[in-house]
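Please examine the sequence and the structure shown below. The paragraphs that follow lead through the charged pairs, the sheet, a helix and the core in turn.

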Amino acid sequence: MEQTALQRDENWKRARSLYEQRVRKQVETEENIGKMVIMDVDTGDFEIDPLGIESARKLRQRHPNAHLFGMRIGYNVAESFGGLIERTGPK
């Protein structure tokens, strides 16, 4: 169980770093704000769509064993259940 938690934490760190260093400047455009970007944290490959479902499918086809991570473009979280979603990208 602890190994799984460590893997999730490591994947989260890798995904944040990938997003900040390579993906953000490509995806944070006005037409993409609010969409989901799904990233393969091993290859850096990514796809965008409104819900992230099609993106995940496309990435799984290209990289069957991928470690996928999703983020809502321009926001601090992907989803919120009664919490606050804050805009972080250009306004």
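**Salt bridges, sheet and core**

Glu 28 forms a salt bridge with Arg 24, and their closest N and O atoms are 3.0 Å apart. A salt bridge here is a side-chain nitrogen of Lys or Arg within 4 Å of a carboxyl oxygen of Asp or Glu. The model is a predicted one, in which local features need pLDDT of at least 70 and side-chain atom pairs count only at pLDDT 80 or more, while totals for chains, interfaces and linings use all residues. Residues are numbered from 1 along each chain as its sequence is written, and side-chain values use heavy atoms, with hydrogens and water left out.

Arg 24 also meets Glu 20 in a salt bridge between side chains (2.6 Å, N to O). Why are Glu 20 and Arg 24 separated by about one helical turn? The reason is that they are four residues apart in helix α1. Helices (H or I, at least four residues) and strands (E, at least two) are DSSP runs, numbered from the N terminus. Together, Arg 16, Glu 20, Arg 24 and Glu 28 are linked in a network of salt bridges. Glu 28 is buried, with a relative accessible area of 16%. By contrast, Glu 20 counts as partly exposed at 37% relative accessibility, and Arg 24 is partly exposed with a relative accessible area of 25%. Buried means under 20% relative accessible area, exposed means over 50%, and partly exposed lies in between (1.4 Å probe, protein chains only).

The structure holds eight salt bridges. One of them joins the side chains of Glu 54 and Arg 57 (2.6 Å, N to O). These two residues are separated by about one helical turn, because Glu 54 and Arg 57 are three residues apart in helix α2.

The strands come next. Strands of a sheet pair through backbone hydrogen bonds, either parallel or antiparallel. In this model, three strands form an open sheet in the order β2-β1-β3, with antiparallel pairing. Its edge strands are β2 (46-49) and β3, each of which pairs on one side only. Two strands count as paired if DSSP finds at least two bridges between them; β1 and β2 are joined by four bridges. Ile 38 stands opposite Glu 47 in β2.

Helix α2 (residues 53-62) lies across β1, β2 and β3 and runs at about 155° to β2. Such angles run from 0 to 180 degrees between N-to-C directions, and the axes are lines fitted to C-alpha atoms, for helices over the stretch in contact. Ser 55 lies in helix α2. Is Ser 55 buried or exposed? At 1% relative accessibility, Ser 55 counts as buried. Its contacts (heavy atoms within 4.5 Å) include Ile 38, Glu 47, Ile 48 and Asp 49, not counting residues up to four places away in sequence. The side chain of Ser 55 reaches the backbone nitrogen of Ile 48 at 3.3 Å.

The last topic is the core. In soluble globular proteins, nonpolar side chains tend to be buried together. A nonpolar core is a set of buried Ala, Val, Leu, Ile, Met, Phe, Trp, Tyr and Cys residues joined through side-chain atoms within 4.5 Å. The largest one in this structure has 12 residues, among them Leu 18, Tyr 19, Val 37, Phe 69 and Ile 73. At least two residues of this core come from each of α1 (2-27), β1 (36-40) and β3 (68-72). The largest share, five residues, is supplied by α1.

Conventions:
Polar contact = N/O pair within 3.5 Å; in protein donor to acceptor, adjacent residues only side chain to side chain.
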